[in-house]
Amino acid sequence: MNAKQTLLQKICDGSFALLTEEDIAKKLHLKGKAAAAVGELLRSLVQEGAIYCDLSGRFGTAAQFGALPGTISGNERGFGFFVPDDPALDDLFIPHRALRGAYNKDSVLVFRKGGRFGDEGEVLTVTKRGYTELVGTFRRERTGGSLHPDDRKFSTDIFIPSDRCKGAADGAKVVAHIRSFGGRMPTGEVVEILGKSGDFFVEEAALIRAHSLKEEFPPEVLEAAERQAERSPLDDLTGRVDLRDELIITVDGEDTRDIDDAISVRKKDGKFYLGVHIADVTHYVKWHSAIDDEAFSRGTSVYFPDRVLPMLPTALSNNICSLNEGVPRLTLSCFMTVDAQGNVIERRVMPSVICSRHRMTYKAVTAIAEGDREAQAQYPDLIGFVKDAVELTKILQRKREAKGGVALDVKEAKIIYENGVISIPDYERTISHEMIEQFMVLANESVATVMTEKGMPFVYRVHERPSPEKAEDFLTFLREAGVHAKFDPSKVSPADYQELLRSLEQSPLYSLVNRVMLRSMMKAAYSPENVGHFGLASECYCHFTSPIRRYPDLCIHRIIKESFLSPEKTREKYKKFVVEAAAKSSACEKNAAEAERDVDALYTVAYMQDKVGEIYEATISGVTSFGFFAELANTVEGLVPIETLPDDSYEFVEERFLLRGTRNSFHLGEEVRVQVAGVDWGTRRVQFRFLDKIVK
């Protein structure tokens, strides 16, 4: 064993753990050149990643430092926060010096070190960089240029040498590849010039690039999709149940182009026979084909007001896989027999072929349900169909409520961009929206149950119960708000939350409690392990109904179909892949949601810029130390800065979602009247001015 190996062994066995170079030299009774040589060996071991060195010059292993894996969340002021991989652990504040060259989104090892409350940490090492490319504004300088990142959490500019500027003009919006993170600031090169910073569509393109979303498909994927689209659905119907003569319809928004679900429903002898028919995308997209690999990489379709970045090429998504009216389409059908109490007494899944009778919209189905004579005259064959469907919908609603499903009243903005005009209509939810949601939820639950009973590897949609800490915080908030609640935070159930909401239906606190409840809950995700879905009070749930736009659905369609033919082979084939698919799909879903939120904010700012001075009624949707957020009826949200509120000495009471002054107070859920004060393009935020509270 040489000197270097001996040194490493003594650090690993604890003899020299967490000692400085000087301390180790003293223990070895070395001075001068011999002590310096030890220092060289220590630094060599650090460079190799065998050990680590902290800012105090101590050497040791990650375990000896008590280092934890996680991610850095940066701040534009130069410091950051460490978010542990373990959600049960608290975040740590990381001062600028203790970041040690780590930036926003970097994967790191961090150990706890100091702080008034023991809540500060120090980065031990960066294990993986969060960014390889950054989007921002290019600034010309004498020695080249610099990129000022759009991501404000990335707290430093990127130096661009003069020979790597690619002709970018001062003020251009560009994409830069980071070549090196060393030195005073990272160094990079311009790889794409998007256009002039500040141009609306250039800013939108920048947001798409910032989230690494793909706008174009590789040529080989497009060619493969075109070949698949030329196949006739009727070439081989072996093993499929023929439903082309059944009354089957699709129900979607007016602008939907990728139609992947259809329904059939009829009532007979007090029972409902519900069919949910989903596009059989796997017939055209084979596992590990060029199309499938690209779909796996994308994970999901991403929807913006002016465009869609589809998971599959349009030759598939809008053509051969889309359940268009009046044409035969291959499907995977989930048949459910439901009794008058909403119990599923029989469920089965089968490959099928359908021919959608009508391409219906939510608006048209709602009109039929509400007895609109014109709509009923246009679709006389759907009057009984819709009547049965509405009756079943209400039964399923009651059944879900009886199980304890948490009906969170969460609004989703609808931003429309047509002919160069942006509009944001008031949020609307009708019986037809509820119908499709209930039917799809039941199908997802039924399919997951069937496959679990068969013991197949699967990708589940899971929603874990709130952590005891989050539930305890929620309970504290309720007590502070004067709401009596009896649930046990250590084992809170969906029924506990549902009972709470039901008790507040006529209370002005309903909206407030609903919002805080949502914040207390975990995020839904994909998992190869079935841990149930808390929000739906479901013991077994998956995403089966959208294989055109979600990879997990596509993945489980394969498993379902192959399990019919060869169960054992299917178990072996997919047991590892479902782990990979769940992790990748969850990450893609999160990234897509963030991108959609950022682009929606850009469109919202554009929509509101000519409404400065207009007055609206709003609901306080968020409370912070710097003011509160207010939401309009159309879901547009804006900030009311604390400095614009009535003069007072305000205190932010975080656990009560309250901004409290000596004469005034503002809390989540209150209704207020606001005036549009302006828009901030940099933060993509609307600013409101508080006028008064609405007293009812």
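Is Phe 200 buried or exposed? I looked this up first, and Phe 200 turned out to be buried, because its relative accessible area is 17%, where buried means under 20% relative accessible area, exposed means over 50% and partly exposed lies in between (1.4 Å probe, protein chains only).

Before going on, I noted that this is a predicted model, in which local features need pLDDT of at least 70 and side-chain atom pairs count only at pLDDT 80 or more, while totals for chains, interfaces and linings use all residues. I also noted that residues are numbered from 1 along each chain as its sequence is written, and that side-chain values use heavy atoms, with hydrogens and water left out.

**Entry on Trp 681.** I found Trp 681 in the loop between strand S33 (671-680) and strand S34 (685-693); strands (E, at least two residues) and helices (H or I, at least four) are DSSP runs, numbered from the N terminus. Trp 681 counts as partly exposed because its relative accessibility is 37%. Leaving aside residues up to four places away in sequence, I listed its contacts (heavy atoms within 4.5 Å) as Phe 200, Leu 602, Val 605, Ala 606 and Gln 609. For Ala 606 I also noted a C-alpha to C-alpha distance of 8.5 Å from Trp 681, although the two are 75 residues apart in sequence.

**Entry on aromatic pairs.** Rings of Phe, Tyr and Trp (its six-membered ring) pair if their centres lie within 6.5 Å, and planes under 30 degrees apart count as stacked, over 60 as edge-to-face and the rest as tilted. By this rule I have a count of 29 aromatic pairs. In one of them, the rings of Phe 200 and Tyr 603 have centres 4.8 Å apart and planes at 85 degrees, so the pair is edge-to-face. Phe 200 lies in helix H6 (residues 200-210) and Tyr 603 in helix H19 (residues 577-608), so this pair ties together parts that are 403 residues apart in sequence. Tyr 603 is buried, with a relative accessible area of 0%.

I then turned to Phe 666 and Phe 690, an edge-to-face pair with 5.0 Å from centre to centre and 80 degrees between the planes. Phe 666 is in strand S32 (residues 665-667) and Phe 690 in strand S34, 24 residues apart, and the pair links distant parts of the chain. Both residues are buried, Phe 666 with a relative accessible area of 1% and Phe 690 with 13%.

**Entry on a cluster.** I wrote down one aromatic cluster, formed by Phe 474, Phe 477, Phe 487, Tyr 497, Phe 534 and Phe 657.
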